[in-house]
Amino acid sequence: MTVTSPDAPSRTGGDSGRPGRGGGQEASAPPERRRRRRLLGENPFGTLLAAPYVIFVAVVFAYPIVFVVWMSFQDYFFAAPGADVEREFVGFANYVEVLQDPAVWQSFRNVGVFLVINVPLTVVLSLLLATALNKIVHARTFFRVSYYVPFVTASVAVVAVWLFLFSKNGLVNNILGPLAPDPSWLVNANLAMPTIALFVTWKGLGFYILLYLSALQNVPNELYESVSMDGGGKIRAFFAVTVPGVRPATLLVLLLATITGANLFTEPYLLTGGGGPNGASASPVLLMYQRGIEQGNPSIAAAIGVILIILVLIIAAIQRRLVGGEDS
Amino acid sequence: MKRALGGKVAQYIVLSIGAIVFLFPFYYMVVGSFQAVLNPTVAGAFPDPANLTVENYADINERINLIQGLANSGIFTAGVLIGTVVFGVLAGYALAILHWRGRGTVFALALLVQVVPFQLLMIPLYVMIARDFGLSDNYLGMILPFFISSTAVVIFRQYFLQLPRELFDAARIDGAGDLRVLWNIALPLVRPALMTVVLVSFIGPWNEFLWPFLITKEASMQPLAVSLANFISNIAASTANPFGAMMAGAVVLSIPAIVLFLVTQRYFLSNDLGSGVKG
């Protein structure tokens with residue numbers, strides 16, 4: 001859990017940190033070199049090496065972010081490549097349309113349902129399994145590997161077997177017998193989203209178990225010893241030491257789960273045939289795809305995207321506040 | 001003493017239940033993909049020799065060209081890996097070792113990029129890459145948004161930071177240029193990091209669905225994840241044994257990633273990596 005601040009550990013060789021080399025040269029260097037140095041830093045070669053990455057980020061992240069915001073204020077439509085068309089500035093009209101759309105609200109509520117199920121389940125199960133894994137001696141690798149397998153497998157592939165497992169006459173309903181829900185899981189408006197949340201939890205849990213496992217290494221053993229000296233049992237130690245000890249990891253789970261929820265697309269697209277029944281499992285990204293690309297209305301999709309980004313950023317900011325920046 | 005033993009047993013029981021829950025669907029997928037007639041009852045989870053067939057694989061291969069799909073997935077993945085390793089190493093090295101203006105900003109960007117839900121950018125990226133650049137149904141268009149992984153940049157930086165600084169200073173005093181220091185000193189020392197990043201970056205593009213799905217309309221250009229998804233959502237219903245064919249395709253799609261993971265699991269599960277991802 002070492003979060004490194006951008007400069008701290010590496011800055012030992014910075015302008016003031018190493019007068020023997022940097023500073024001495026600086027004074028004797030000819031003026032134009034000194035000016036160049038002030039402009040580009042001590043080692044301009046670094047700029048050259050990082051340039052491809054910087055250009056990449058500019059093209060694939062920075063420009064699209066600006067573009068998506070701009071597009072959300074336009075009446076934007078697809079045109080033939082190279083065609084020069086006038087597009088109209090429409091102010092907040094797209095946002096008004098989006099916010100008046102019940103399907104949009106429903107998709108955000110669906111993500112809410114997703115988070116309410118996914119986050120507690122992920123935290124409880126991965127902490128439980130990581131704690132058990134942390135203490136055993138035998139077969140550690142086997143368990144770690146088996147928990148991680150769903151995480152390295154394509155969603156599309158495991159969706160196939162989940163569709164079969166949770167189909168109307170599938171194995172799950174066969175085992176449940178008379179308890180099987182009707183309509184079945186993925187075509188039931190109340191169960192479609194929870195089933196998707198369950199799927200995503202199952203698929204990602206291995207990653208979070210590893211995350212908790214490495215967080216557990218940072219919990220000092222003396223704390224456990226002092227709990228047992230005070231006569232506390234295992235359960236007491238778990239709640240008094242383990243749970244607070246891995247708090248930063250728990251907050252990270254919340255952040256990553258939020259991002260996963262914001263990104264949800266493949267699962268509702270494939271498991272519930274495009275967010276069905278009746279939009280009960282539609283996600284905002286699925287809606288963006290349907291409105292923006294299927295129905296050719298990218299400015300509406302852009303507005304949904306901007307609202308989604310703002311929500312994610314707000315949650316990320318709250319996260320940062322709670323973690324407290326430097327520690328962890 | 002007895003209680004402690006009981007606790008140990010309980011731990012193994014919990015862990016074993018977990019392992020079954022995680023592994024069973026994969027087992028079920030393989031068994032199902034070889035069943036001539038799918039049996040969704042509990043008995044169906046155990047293979048019946050009389051009911052085994054490779055028909056499902058032939059079926060799915062008739063609907064979607066598995067070899068072509070695997071090749072497309074491979075090209076997509078290889079492109080991402082090359083970009084990530086070559087340019088990610090350069091950026092990571094620059095961020096860790098060299099001092100240049102804007103270094104802090106670029107590092108902050110590398111972290112920020114990981115938090116921005118990438119799929120929110122799909123609309124502008126689609127407009128840019130498919131419409132403006134005309135790169136739909138093209139490997140370049142598929143690769144471009146993933147070309148350099150920011151996670152990899154952060155991991156590389158972390159590894160370079162762990163190298164002793166004296167090494168670089170000594171090399172410079174001996175008169176080695178920047179390029180030489182990078183090539184002859186730094187790179188050989190971070191070879192394990194290269195391996196880790198290659199392996200971890202493999203599963204991203206190999207499993208990626210949304211972007212290649214948006215950018216490819218021609219079946220001959222689609223990675224396997226996309227063609228299989230199209231089969232699941234559109235064509236499956238018209239097949240005799242839709243779930244069987246679906247699971248046969250799923251086995252083909254997941255085997256390369258799972259085998260690679262099993263063979264190299266120590267790279268995936270190392271704690272160093274965790275710290276890099278969490279940057």
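Which residues of helix 7 of chain B are buried? The legends below take that up, starting with the conventions. This is a predicted model, in which local features need pLDDT of at least 70, side-chain atom pairs count only at pLDDT 80 or more, and totals for chains, interfaces and linings use all residues. Residues are numbered from 1 along each chain as its sequence is written, while chains are lettered from A and ligands numbered from 1 in the order in which they are written.

**View 1. Helix 7 of chain B, residues 150-162.** Helices here are DSSP runs of H or I with at least four residues, numbered from the N terminus. The buried residues of this helix are B:Ser150, B:Thr151, B:Ala152, B:Val153, B:Val154, B:Ile155, B:Phe156, B:Arg157, B:Gln158, B:Tyr159 and B:Phe160; buried means that 20 or more other C-beta atoms, placed from the backbone, lie within 10 Å of a residue's own. With eleven of its 13 residues buried, helix 7 of chain B is largely enclosed by the rest of the structure.

**View 2. The largest nonpolar core.** Such a core is a set of buried Ala, Val, Leu, Ile, Met, Phe, Trp, Tyr and Cys residues joined through C-beta atoms within 7 Å. Of its 170 residues, A:Ala160, B:Tyr93 and B:Phe156 touch the most other members. Helix 9 (residues 192-216) of chain A supplies the largest share, 15 residues.

**View 3. Around B:Tyr93.** Leaving out residues up to four places away in sequence, B:Tyr93 touches A:Leu49, B:Phe156, B:Phe160, B:Leu182 and B:Ala186. Touching, or contact, means C-beta atoms, placed from the backbone, within 7 Å.

**View 4. Where chain B meets chain A.** Here 87 residues from chain B and 90 residues from chain A take part in the contact. On the chain B side, helix 1 (residues 2-33) gives the largest share, 13 residues.

Key
Two residues are in contact if their C-beta atoms, placed from the backbone, lie within 7 Å. Helices (H or I, at least four residues) and strands (E, at least two) are DSSP runs, numbered from the N terminus. The expected span of a helix is 1.5 Å times one less than its number of residues. A residue is buried if 20 or more other C-beta atoms lie within 10 Å of its own, exposed if 12 or fewer, and partly exposed in between; C-beta atoms are placed from the backbone.
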